[in-house]
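Thanks for coming. Have a look at it before I start.

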Amino acid sequence: MNIFVKPYIISFVARKPKAFPIELLFRALADRTRLRLLNLIADKEICVCYFVEILGMSQPKISRHLAYLRRAGVVAARRQGRWMHYRLLAPQDAVASGILTETLAHLRQMPDMQDDRARLDNRCCSPDAVVRLGQAPLPVAVPRPSAG
């Protein structure tokens with residue numbers, strides 16, 4: 001019986017960093033629902049159930065948009081038991097970070113986006129929300145990402 005062994009040489013070549021997918025960022029920013037989501041998580045980590053409550057949309061639709069934002073590299077998620085929490089993630093790319101920062105600043109000035117943020121602030125503390133949202137964790141303030 002003959003056994004043949006083929007040795008493979010693995011070379012560790014320094015790879016240049018992968019370029020940030022700027023076109024994916026622009027596609028992510030081109031949808032009103034995703035802009036509303038970004039507006040709400042600009043300075044808070046929020047459980048997905050609050051997005052459902054504030055935006056009045058189905059959980060699968062919101063989760064699909066959040067997944068798109070995650071693929072674009074601007075949202076991070078973490079699981080806590082059965083709850084999924086989402087927060088803003090500043091891109092490492094300076095250009096993408098600047099675009100996101102300017103977009104968020106513009107969103108804060110829009111009346112309908114201000115209404116969404118006011119609804120979030122009111123719902124988090126209202127007695128009615130406690131009944132509808134059960135044991136959902138309250139949104140947590142997160143520090144603003146530095147621009148670059």
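In which strand is the place of Val-75? Val-75 sits in strand 2, residues 75–80.

First, what you are looking at. This is a predicted model, in which local features need pLDDT of at least 70 and side-chain atom pairs count only at pLDDT 80 or more, while totals for chains, interfaces and linings use all residues. Residues are numbered from 1 along each chain as its sequence is written, and side-chain values use heavy atoms, with hydrogens and water left out.

Now the overall layout. The protein has seven helices and four strands. Helices here are DSSP runs of H or I with at least four residues, strands are runs of E with at least two, and both are numbered from the N terminus. Along the sequence the pattern reads α-α-β-α-α-β-β-α-α-α-β. Of its 148 residues, 38% count as buried, where buried means under 20% relative accessible area, exposed over 50%, and partly exposed in between, with a 1.4 Å probe and protein chains only. Among contacts with a separation of 6 or more, 70% come from residues 24 or more positions apart; contact means heavy atoms within 4.5 Å.

Back to Val-75. Val-75 is buried, at 4% relative accessible area. Not counting residues up to four places away in sequence, Val-75 touches Leu-38, Ile-41, Leu-69, Arg-70, Tyr-86, Arg-87 and Leu-89. Val-75 and Ala-90 lie 15 residues apart in sequence and 8.0 Å apart in space, C-alpha to C-alpha.

Next, helix 3. How many of the eight residues of helix 3 are buried? Seven of them are, so helix 3 is mostly covered, given the cut-off of under 20%. The buried ones are Val-48, Cys-49, Tyr-50, Phe-51, Glu-53, Ile-54 and Leu-55. After helix 3 comes Gly-56, with a positive phi near 65 degrees.

Two packed helices are described by the angle between their axes and the distance between the axes. Axes are lines fitted to C-alpha atoms, for helices over the stretch in contact, and angles run from 0 to 180 degrees between N-to-C directions.

Take helix 3 (residues 48–55) and helix 4 (residues 59–71): they pack at about 115 degrees, with their axes 9 Å apart. From helix 3, Val-48, Phe-51, Val-52 and Leu-55 meet Gln-59, Ile-62, Ser-63 and Leu-66 of helix 4. By class, that contact has six nonpolar, two polar and no charged residues. Nonpolar covers Ala, Val, Leu, Ile, Met, Phe, Trp, Tyr, Cys and Pro; charged covers Asp, Glu, Lys and Arg; the others, Gly among them, are polar.

Helix 2 (residues 32–40) also packs on helix 3: the axes come within 11 Å and cross at roughly 120 degrees. The two are therefore oblique to each other. Angles under 35 degrees count as roughly parallel, over 145 as roughly antiparallel, 65 to 115 as roughly perpendicular, and the rest as oblique. Arg-36, Leu-37 and Leu-40 of helix 2 make the contact with Phe-51, Ile-54 and Leu-55 of helix 3. Those residues divide into five nonpolar, no polar and one charged.

Last, Asp-116, which is found in helix 6 (residues 111–125). Is Asp-116 buried or exposed? Asp-116 is buried, at 2% relative accessible area. Leaving out residues up to four places away in sequence, Asp-116 touches Arg-36, Asn-39, Leu-40, Ile-54 and Leu-55.
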